[in-house]
Amino acid sequence: MLQRRLVCTVDELPPGTMRLIDAGKFGVGVYNVGGALYAIVNYCPHEGAPLCRGLLGGTNETVPGEPGRLRRARDGQIMRCPWHNWEFDVTTGRNVADPRRRVRTYHVDVTDGKVYLTA
Ligand code: FES
């Protein structure tokens, strides 16, 4: 049964950061991506690694950035699994290489300056 629980205050989860919450069987990572909040399960569907312990970055594709420079696509919203580097988009739960594969996502909301996770 889903339960709404307090994660932290909005100030404690600035853009580019994640909070790992003890929720469900594996835990849930709550992310701030450019001011928007998302949550994914801390479990990689490949072989069960703690996905949210991986690195947060962009894809290996590059897109135009500052004049004369390239930057990684979807920077700050791609979780790279710590075991075998599968990549998942935090905002959708979808695998970057194969969007048919995905991890579970959860609802996050803000009330009175506090972040809540429903998981
Ligand atoms: S367990 Fe995540 S990529 Fe293998």
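Colleague: Is Asp98 buried or exposed?

Modeller: The general idea is a scale of accessibility: buried means under 20% relative accessible area, exposed over 50%, and partly exposed in between, with a 1.4 Å probe and protein chains only. Asp98 is buried, with a relative accessible area of 18%. Before going further, note that this is a predicted model, in which local features need pLDDT of at least 70 and side-chain atom pairs count only at pLDDT 80 or more, while totals for chains, interfaces and linings use all residues. Residues are numbered from 1 along each chain as its sequence is written, and side-chain values use heavy atoms, with hydrogens and water left out.

Colleague: With which residue does the side chain of Asp98 meet in a salt bridge?

Modeller: Side chains of opposite charge can pair when their charged atoms come close. A salt bridge is counted when a side-chain nitrogen of Lys or Arg lies within 4 Å of a carboxyl oxygen of Asp or Glu. Here Asp98 meets Arg100, at 3.0 Å from N to O. Arg100 is exposed, its relative accessible area being 73%. Through salt bridges that share partners, Asp98, Arg100 and Arg101 form one network.

Colleague: How many salt bridges does a search of the whole structure find?

Modeller: The search finds 5. One of them joins Asp109 and Arg4, whose closest N and O atoms are 2.7 Å apart. This pair links distant parts of the chain, since Asp109 lies in strand E10 (residues 105-111) and Arg4 in strand E1, 105 residues apart. Asp109 is buried at 17% relative accessible area, whereas Arg4 is partly exposed at 44%.

Colleague: What do Asp89 and Arg74 tie together?

Modeller: Their side chains meet in a salt bridge of 2.9 Å, N to O. Asp89 belongs to strand E9 (residues 87-89) and Arg74 to the loop between strand E7 (70-72) and strand E8 (78-80), so the pair ties together parts that are 15 residues apart in sequence. Asp89 is buried at 3% relative accessibility, and Arg74 is partly exposed at 33%.

Colleague: How many helices and strands does the protein have?

Modeller: Helices (H or I, at least four residues) and strands (E, at least two) are DSSP runs, numbered from the N terminus. The protein has 0 helices and 11 strands.

Colleague: What is the order of the strands in the open sheet?

Modeller: Strands of a sheet pair through backbone hydrogen bonds, either parallel or antiparallel. Two strands count as paired if DSSP finds at least two bridges between them. The open sheet has 6 strands in the order E1-E11-E10-E4-E3-E2, and its pairing is antiparallel. Strand E1 (4-9) and strand E2 (18-21) are the edge strands, each pairing on one side only. E2 is joined by 4 bridges to strand E3 (residues 28-33), and the two run antiparallel. Within this pairing, Met18 has Tyr31 in E3 as its bridge partner.

Colleague: How many disulfides are found?

Modeller: A disulfide is a pair of cysteine sulfur atoms within 2.5 Å. The search of the whole structure finds 0. Cys44 is buried at 2% relative accessible area, and Cys81 is buried at 3%.

Colleague: What part of the protein counts as buried?

Modeller: Of its 119 residues, 38% count as buried. Along its principal axes, the C-alpha trace spans about 45 × 35 × 20 Å.
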